[in-house]
Amino acid sequence: MGNGAASVIAIDGPAGVGKSTVGVQLAERLGYLFLDSGVLYRAVALAALQRGIPIGDEAELRDLAASLNIEVRLPHPSEAHDQRQYTVLLDGTDVTWQLRQPQVEAVVSEVAAWPAVRTAMLPHQRNIAAAGRIVMVGRDIGTVVLPNADLKIYLEAPLQERAKRRYKERIERGEHPSIAQVEQEVAHRDEIDSHRATSPLRPAEDAIILNTGDLSADEVLDKVTQLAGGVI
């Protein structure tokens, strides 16, 4: 890693663009902490489903978000067999793969769209980033969560390409969706994320926009590493 490497790196972009994959690998190359901010909202969504809290009740979701103990950490060796990128504990229980269930996927954007829920998550996200040497990915990291990040990257790709990636992920997890179903779900998330009143999905004014549609995963990683000031 070069001496001038960015210490706080924000990576944003729509669903299925590969933010988490790039973020994890970049963090590994730089020796940084990785945080996918989306897992925090997924944890709130999962807890709401488990407790029967209406997704349309902003006040209850806000209170729930404030009360939860959400821990994101590197996997223990005993957990590495399922190829997880990180382990998420919700009130002490490992929910890493539950967060990717279709029922959570179906409501997480609605949960994350509530201003009070997003506000409840901000202090936690910023406290984690305050120590530096972090790669944080999400949909509003560069615009809202970490507006003073050293480097802001916005990844984008065509809807069909992103749906194919998400479809492949779900097939590998043993699920059996149709490609049309997955494309519809990704398009739905795009609509909600881009048009919500609070923290809509958009590139920060000083973000570097990188279209990944015609690039391999390795090419994307190399480009991002160069932008971060690291070595390849």
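Predicted model: local features only at pLDDT ≥ 70, side-chain atom pairs only at ≥ 80, totals over all residues.

Visitor: Which residues are the closest to the centre of the second largest pocket?

Guide: The second largest pocket holds about 220 Å³ of space. It is lined by 13 residues. The closest to its centre are Val24, Glu28, Phe34, Leu74 and Gln85.

Visitor: Which element gives the most to the lining of the second largest pocket?

Guide: At least two residues of this lining come from each of H1, strand S2 (33-36) and strand S3 (70-73). The top contribution is three residues, and the element that gives them is H1.

Visitor: What is the volume of the largest pocket?

Guide: The largest pocket is lined by 44 residues, and among those nearest its centre are Ser20, Gln85 and Arg173. Its lining divides into 12 nonpolar, 14 polar and 18 charged residues. The volume of this pocket is about 1,200 Å³.

Visitor: Which element supplies the largest share of the lining of the largest pocket?

Guide: The elements that give two or more residues to this lining are helix H1 (19-30), helix H2 (38-51), helix H5 (108-113), helix H8 (159-172), helix H9 (179-195) and helix H10 (217-228). The largest share is six residues, and it comes from H8.

Visitor: Which strands stand at the edges of the five-stranded sheet, and why is one side of each left without a neighbour?

Guide: The five strands form an open sheet with parallel pairing, in the order S2-S6-S1-S7-S8. Neighbouring strands in this sheet are turned by 20° against each other on average, direction ignored. Each edge strand has a single partner strand, so one side of it has no neighbour in the sheet; the strands concerned are S2 and S8 (208-211).

Visitor: Which residue in S8 is the bridge partner of Tyr154?

Guide: Strand S7 (residues 151-156) and S8 run parallel and are joined by four bridges. In S8, the partner of Tyr154 is Ile209.

Visitor: At about what angle does helix H6 run to S6?

Guide: Helix H6 comprises residues 115-129 and lies across strand S1 (8-12), S2 and strand S6 (134-138). The angle between H6 and S6 is about 150°.

Visitor: How many residues apart are the members of the aromatic pair?

Guide: The structure holds one aromatic pair. The ring centres of Phe34 and Tyr86 lie 5.8 Å apart and the ring planes are at 25°, so the pair is stacked. It links distant parts of the chain, with Phe34 in strand S2 and Tyr86 in the loop between S3 and strand S4 (87-90); the separation is 52 residues.

Visitor: Which are the edge strands of the three-stranded sheet?

Guide: This second sheet is open, its pairing is antiparallel, and its order is S3-S4-S5. The strands that pair on one side only are S3 and S5 (93-94).

Visitor: What angle does the direction of H2 make with that of S4?

Guide: H2 packs on this sheet and touches both S3 and S4. The direction of H2 makes an angle with that of S4 of about 40°.

Note on methods
Residues numbered from 1 in each chain as written. Heavy atoms only, no water. 1 Å grid on protein atoms, 1.4 Å probe; cavity = no way out; pocket = protein on both sides within 12 Å on 5 of 7 lines; lining within 4 Å. Points joined across faces, edges and corners; volume = space filled by probe spheres on them. Nonpolar A, V, L, I, M, F, W, Y, C, P; charged D, E, K, R; others polar. Pairing = 2+ DSSP bridges. Axes fitted to C-alpha atoms, helices over the stretch in contact; angles between N-to-C directions. Contact = heavy atoms within 4.5 Å. Phe/Tyr/Trp six-rings, centres within 6.5 Å; stacked < 30°, edge-to-face > 60°.
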